[in-house]
Amino acid sequence: MTHTAHTTPTRSLTWRTVDIIVAAVLAVALGAVYFAWTSLRPIIDVPFNLVFPPTTGLVGGLYLLAGPVGALIIRKPGAAIVCELIAAATEALLGSVFGPVILFTGLCQGIMTELVFALTRYRRYTLGISVLAGLAPAISVSITDNIFWNAGWALEWQLVFAACALVSGPVFAGLGGWFVYRAIRRTGVLTGFASGTDPRPRRRPPHAASSPEGAGHRGSPSESESPADS
């Protein structure tokens with residue numbers, strides 16, 4: 001009987017050239033999405049303004065998408081900050097009505113997202129962590145947006161806006177970011193990334209242990225999630 005040795009690839013937190021390229025392309029694409037969303041906001045915000053203006057905070061979570069998606073895919077320190085900042089810069093360069101101030105707000109949001117993954121020591125990339133990564137930057141939004149754009153509102157209105165932002169972030173950036181990452185992973189383009197690999201072998205059926213063909217050989221990779229993604 002022969003046995004095949006299997007080794008687990010060493011997890012590296014060092015950025016590669018391909019990481020930089022993918023982060024930049026991803027962030028620019030999401031920055032374009034931000035700009036398109038901003039362009040549609042005068043229409044999207046109409047029903048919210050008719051009901052109660054602070055409820056517009058419910059649709060702001062999409063602006064937090066780049067951080068979680070970038071971190072889930074790149075899985076290197078600083079990925080959330082880099083992606084969120086590049087996305088904000090892209091939106092600004094495309095002529096966003098929010099102006100260059102979004103570079104500052106984007107940086108704040110990226111830092112808050114980064115903190116979530118840093119607290120896991122860049123080892124946990126689960127749905128739950130993704131939701132937290134959408135919540136954390138929403139805390140920043142609830143502060144900076146009220147300072148830069150909602151300063152004329154009463155405190156009660158600002159608090160309602162903050163509460164809406166804290167709901168929107170986990171939904172749009174947390175859950176939404178997770179599904180965007182999973183959709184990209186299914187295309188197979190993440191094969192060269194830790195986020196696109198599955199280190200667990202498929203479990204062999206009980207009869208395989210006594211089968212000469214199955215002895216000493218590992219099954220083909222499973223379609224199930226890796227521990228970091230479960």
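Predicted model: local features only at pLDDT ≥ 70, side-chain atom pairs only at ≥ 80, totals over all residues.
Side chains of opposite charge can pair when their charged atoms come close. With that in mind, look at Asp-19, whose side chain meets that of Arg-16 in a salt bridge with an N to O distance of 2.9 Å. The side chain of Asp-19 also meets that of Lys-76, here at 2.8 Å, N to O. This second pair links distant parts of the chain: Asp-19 sits in helix H1 (residues 17–51), while Lys-76 belongs to the loop between helix H2 (66–74) and helix H3 (79–93), 57 residues apart.

If you now follow helix H1 along, you come to another pair. The side chains of Asp-45 and Arg-41 form a salt bridge at 2.8 Å, N to O. Both residues lie in helix H1, and they are four residues apart, about one turn of the helix. Asp-45 counts as buried because its relative accessibility is 13%, and Arg-41 counts as buried with a value of 13% too. Across the whole structure, a search finds three salt bridges.

Next, let us turn to the annotated regions. According to the unreviewed UniProt entry, the annotation "transmembrane region" covers residues 20–38, 50–73, 79–104, 125–148 and 160–181. What does the model show over two of these spans? Residues 50–73 are 42% helix and 0% strand, with end C-alpha atoms 39 Å apart. For residues 125–148, the figures are 92% helix and 0% strand, and the end C-alpha atoms lie 33 Å apart.

One more residue is worth a visit. Val-101 is found in helix H4 (residues 101–119), and its position also falls within the annotated span 79–104. Which residues does Val-101 touch, leaving aside those up to four places away in sequence? The answer is Phe-148 and Trp-149. Val-101 and Ala-88 are 13 residues apart in sequence, and their C-alpha atoms are 9.3 Å apart in space. As for the surface, Val-101 has a relative accessibility of 22%, so it counts as partly exposed.

Terms used: Residues numbered from 1 in each chain as written. Heavy atoms only, no water. Salt bridge = Lys/Arg side-chain N within 4 Å of Asp/Glu carboxyl O. Helix = DSSP H or I, 4+ residues; strand = E, 2+ residues; numbered from the N terminus. Buried < 20%, exposed > 50% of the residue type's maximum accessible area, 1.4 Å probe, protein only. UniProt positions renumbered as here; feature names shortened; annotations may be inferred. Contact = heavy atoms within 4.5 Å.
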